[in-house]
Amino acid sequence: MKKQIIVISTILALIALVITGCTKREVVTDVKPIILRLAETHGADFPTTQGDYEFSKLVQVRSNGRIKIEVYPGAQLGEERAVIEQVQFGAIDFTRVSISPLAAFSENFNALQMPYLYRNADHMWKVLNSKVGDDFLASLEPAGFVGLSWFDSGARSFYNSVRPVESVEDLNGLKIRVQESALMVGLVEALGAVATPMPFGEVYSAIQTGVIDGAENNWPSYFATSHYEVATYYTIDEHTRVPEITIASKMAMDKLSKADQKLIMQAAKDSMAFQIKAWANYEKEAEATVAANGNEIYRLQDNSAFQSAMQPLYDALSPELQEVVKDIRAVK
Ligand code: GTR
């Protein structure tokens, strides 16, 4: 009797499995996942890209696979400025970029990347995680973007293939590549060097062939791009801290439900801690590898001459942006 009951219940369970299995299959074929694309300029191992993957994973898990964000590293979808334009008109859904080229689309972002603006990294994070940071994210809407989250990008310093730079005078006349950013052109010119705006992906061969003498960037970028092999003089002057930002296309976001928009925004915020940790590890590794390579590294003992050369950039800011700078400086 007991045996019969077991056999019957097993048969019933199997029938139930087949039925639910079928329904499940029907449901799955009915609901197609939403596929979205994220453009990233760095390679797959780079800490910003690692942060992008984390963001994508959180979205996939939290939406039970309904929303899939495909990450395209290595500038596969184009160089930063062109990508930002495509995000603006909805051809690309997301991108992680430096705020430097973004300032061409939303000028207030210049206030957030002024030279020697932050007392240290901690100050920058306090600003980004405060109302000031949230206001910056929200300010992107009129330009057609939804600001999602911030990633770490350390501090930027100069490097070149010609000579050691230990003073402002040493920079005089050097041809330095900058991002496609008016502020960065002004910054390099204020130091007496010749600014050459150029997409990131062209810098290595431009240095190698002597089209430019050098560039400026953080340790991870200097290392990962192999610029350190062709421009061996690196000066730690840390002229800017330029946060990375992840933005969405407003056109793409508007097509999603409010709940999905919220899910994406939260996942982006929650990916920050992962990226910040990955950044810290990679930064140490990059600096150590460059030093072990025998590059000549100079640390400015006193950057006051660099700082005062930047004053005209502050004076040139609009009165509104000067107020924003005050707000940033007031964050304790
Ligand atoms: C890096 C940044 C990139 C890109 C690059 C550049 O620090 O992560 O997004 O802006 O600088 O100099 O073009």
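**Exercise 1. Which domains supply at least three residues each to the lining of the largest cavity?**

Solution. Domain 1 (34-152 + 243-285) and domain 2 (156-241 + 289-318) each give at least three residues to this lining; the domain bounds come from an automatic or database domain assignment. A cavity here is a set of points on a 1 Å grid over the protein atoms alone where a 1.4 Å probe fits but cannot get out, and lining residues have an atom within 4 Å of a point. This is a predicted model, and totals for linings use all residues, while local features need pLDDT of at least 70. Residues are numbered from 1 along each chain.

Next, look at the lining itself. It has 21 residues, with Glu-80, Ser-98, Arg-177, Gln-179 and Phe-200 nearest the centre of the largest cavity. Helix H3 (80-88) and strand S3 (94-98) each supply at least two lining residues. The volume is about 200 Å³.

**Exercise 2. Which element gives the most to the lining of the second largest cavity?**

Solution. Start with the volume of the second largest cavity, about 40 Å³. Its lining includes Ala-39, Glu-80 and Thr-95. Strand S1 (34-40), H3 and S3 give two or more residues each. S3 gives the most, with three.

**Exercise 3. Which residues of helix H13 are buried, and which are exposed on the face turned away?**

Solution. First, find H13 at residues 258-270. The face turned away carries Lys-258, Ala-259 and Lys-262, which are exposed (over 50%).

Definitions and conventions
This is a predicted model: local features need pLDDT of at least 70, side-chain atom pairs count only at pLDDT 80 or more; totals for chains, interfaces and linings use all residues. Side-chain values use heavy atoms; hydrogens and water are left out. Helices (H or I, at least four residues) and strands (E, at least two) are DSSP runs, numbered from the N terminus. The expected span of a helix is 1.5 Å times one less than its number of residues. Buried means under 20% relative accessible area, exposed over 50%, partly exposed in between (1.4 Å probe, protein chains only). On a 1 Å grid over the protein atoms alone, a cavity is a set of points where a 1.4 Å probe fits but cannot get out, and a pocket is an open set with protein on both sides within 12 Å along at least five of seven lines; lining residues have an atom within 4 Å of a point. Grid points are joined across faces, edges and corners, and a volume is the space filled by probe spheres set on the points.
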